[in-house]
Amino acid sequence: MWIVTHDGKHLVDAKHFSIEKNLGSKEKKFAVCAHLNDSQTVTGSVVCAYYPSEQSAFGDLMRLKEAIEAKSDKVFQFTD
């Protein structure tokens, strides 16, 4: 699925998504990451958006899931 990252700097065709801990911040502790290939390594991934809690990251992941299930042909936009 095509997505645009929260900062608008990346337009990527992601293969799968995950919620990851963001160890570099005390305020934005989690991130939704888009993986560009079939492996879940750091190489080939991009941060879609940062979140203060795992629950808020999960909310955006569910919003993305709904767009995928609706077979939307629109580009999914992550926001801050």
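This is a predicted model: local features need pLDDT of at least 70, side-chain atom pairs count only at pLDDT 80 or more; totals for chains, interfaces and linings use all residues.
Three strands make up an open sheet in the order β3-β4-β5, and their pairing is antiparallel. Strands β3 (16-21) and β5 (45-51) are at the edges; each has a single partner strand, so one side of each has no neighbour in the sheet. From one strand to the next, the twist averages 25°. Strand β4 covers residues 30-35 and is joined to β5 by 6 bridges, the two running antiparallel. Within this pairing, F30 is opposite Y51 of β5.

A helix is set against these strands. Helix α1, made of residues 54-69, lies across β3, β4 and β5. Its direction is at about 175° to that of β3.

Next comes the nonpolar core. In soluble globular proteins, nonpolar side chains tend to be buried together. In this model the largest nonpolar core has 17 residues. Those that touch the most other members are I3, F17, V32, A34, C48, L64 and F78. Two or more residues of this core come from each of β4, β5 and α1.

V32 is part of strand β4. Is V32 buried or exposed? The relative accessible area of V32 is 0%, and the cut-off for a buried residue is under 20%, so V32 counts as buried. When neighbours within four places in sequence are left aside, the contacts of V32 include S18, I19, V46, V47, C48 and A49. Also among them are Y51, A57, L61 and F78. Another residue, T79, is 47 residues from V32 along the chain, and the C-alpha atoms of the two are separated by 11 Å.

How many aromatic pairs does the structure hold? There is 1. F76 and F78 form this pair, with their ring centres 4.9 Å apart and an angle of 70° between the planes. The arrangement is edge-to-face because planes over 60 degrees apart are classed that way. Both partners are buried: F76 has a relative accessibility of 7%, and F78 has one of 0%.

Notes:
Residues are numbered from 1 along each chain as its sequence is written. Side-chain values use heavy atoms; hydrogens and water are left out. Two strands pair if DSSP finds at least two bridges between them. Helices (H or I, at least four residues) and strands (E, at least two) are DSSP runs, numbered from the N terminus. Axes are lines fitted to C-alpha atoms, for helices over the stretch in contact, and angles run from 0 to 180 degrees between N-to-C directions. Contact means heavy atoms within 4.5 Å. A nonpolar core is a set of buried Ala, Val, Leu, Ile, Met, Phe, Trp, Tyr and Cys residues joined through side-chain atoms within 4.5 Å. Buried means under 20% relative accessible area, exposed over 50%, partly exposed in between (1.4 Å probe, protein chains only). Rings of Phe, Tyr and Trp (its six-membered ring) pair if their centres lie within 6.5 Å; planes under 30 degrees apart count as stacked, over 60 as edge-to-face and the rest as tilted.
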